[in-house]
Amino acid sequence: MKLATRRRVYLREAALMLMLARLAVRLVPPQRLFAWAGRPPRRIRRFAADEAGWVAWAVETCGAKALCLPRALAAHAMLRRRGIVSRLCLGVARKDAAVAAHAWVEIGDDRIAGETEAGDYTRIATYGGAA
């Protein structure tokens with residue numbers, strides 16, 4: 001597959017997954033949403049590191065202005081479709097006098113979606129993958 005074609009395919013899928021994730025965050029109860037996120041992929045592919053990079057790039061490109069939870073859900077769904085085991089992580093941090101929350105996706109020890117801000121947050125929940 002040509003590079004330009006691959007970019008288009010990943011960007012289209014990321015745009016669709018972001019739209020579905022935004023709808024899910026608004027319409028689906030959290031317990032059902034996180035139960036889905038906790039399920040393992042149907043099949044597992046161990047050597048798909050290049051695909052994980054493409055997924056991260058596409059979600060961050062399409063979802064630059066989206067909130068972190070829909071971005072993390074979209075990336076997690078795209079990775080599950082490809083048989084890549086990932087974890088959806090939720091964390092909190094104290095910012096001045098307020099409490100802030102953040103969501104990100106990890107594969108092994110690497111953060112692939114929402115990685116820039118995740119370092120300041122204390123993980124409180126993990127869904128999917130091996131913890």
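Is Glu106 buried or exposed, and what is its relative accessible area? Glu106 is buried, with a relative accessible area of 4%; buried denotes under 20% relative accessible area, exposed over 50%, and partly exposed the range in between (1.4 Å probe, protein chains only). The model is predicted, so local features need pLDDT of at least 70 and side-chain atom pairs count only at pLDDT 80 or more, while totals for chains, interfaces and linings use all residues. Residues are numbered from 1 along each chain as its sequence is written, and side-chain values use heavy atoms, with hydrogens and water left out.

Glu106 takes part in two of the pairs described here. A salt bridge is defined as a side-chain nitrogen of Lys or Arg within 4 Å of a carboxyl oxygen of Asp or Glu. Between Arg87 and Glu106 the closest N and O atoms are 2.7 Å apart. This pair links distant parts of the chain, with Arg87 in strand E1 and Glu106 in strand E2, 19 residues apart; helices (H or I, at least four residues) and strands (E, at least two) are DSSP runs, numbered from the N terminus. Arg87 is buried, as is Glu106. Arg123 also forms a salt bridge with Glu106, the closest N and O atoms being 2.9 Å apart. Here Arg123 lies in strand E4 and Glu106 in strand E2, 17 residues apart. Arg123 is partly exposed, with a relative accessible area of 37%.

The count of salt bridges comes to seven. Another of them joins the side chains of Glu60 and Arg71 (3.9 Å, N to O). Glu60 lies in helix H3 and Arg71 in helix H4, so the pair ties together parts that are 11 residues apart in sequence. Glu60 counts as partly exposed at 26% relative accessibility, whereas Arg71 is buried at 10%. A network of salt bridges links Glu13, Glu51, Arg81 and Arg82.

The largest nonpolar core has 31 residues, among which Val55, Met78, Leu79, Leu88 and Val105 touch the most other members. Such a core is a set of buried Ala, Val, Leu, Ile, Met, Phe, Trp, Tyr and Cys residues joined through side-chain atoms within 4.5 Å. At least two residues of this core come from each of H1 (3–27), H2 (30–38), H3 (49–62), H4 (68–81), E1 (87–95), E2 (98–107) and E3 (110–113). H4 gives the most, with seven residues. A second, separate core of five residues includes Cys89, Ala93, Trp104 and Tyr121.

Tyr121 is placed in the loop between helix H5 (115–118) and strand E4 (122–127) and is buried, with a relative accessible area of 14%. Beyond its neighbours within four places in sequence, Tyr121 is in contact (heavy atoms within 4.5 Å) with residues including Gly91, Ala93, His102 and Trp104.

Helix H1 has 25 residues and reaches 36 Å from its first C-alpha to its last, close to the 36 Å expected at 1.5 Å a residue; the expected span is 1.5 Å times one less than the number of residues. Tyr10, Glu13, Ala14, Met17, Leu18, Ala21 and Ala24 are buried in H1, and the buried residues of this helix pack against H2, H3 and H4. Leu20, also in H1, counts as partly exposed at 43% relative accessibility.

In the loop between E1 and E2, Asp96 has a positive phi of about 55 degrees although it is not a glycine. Asp96 is exposed, with a relative accessible area of 78%.
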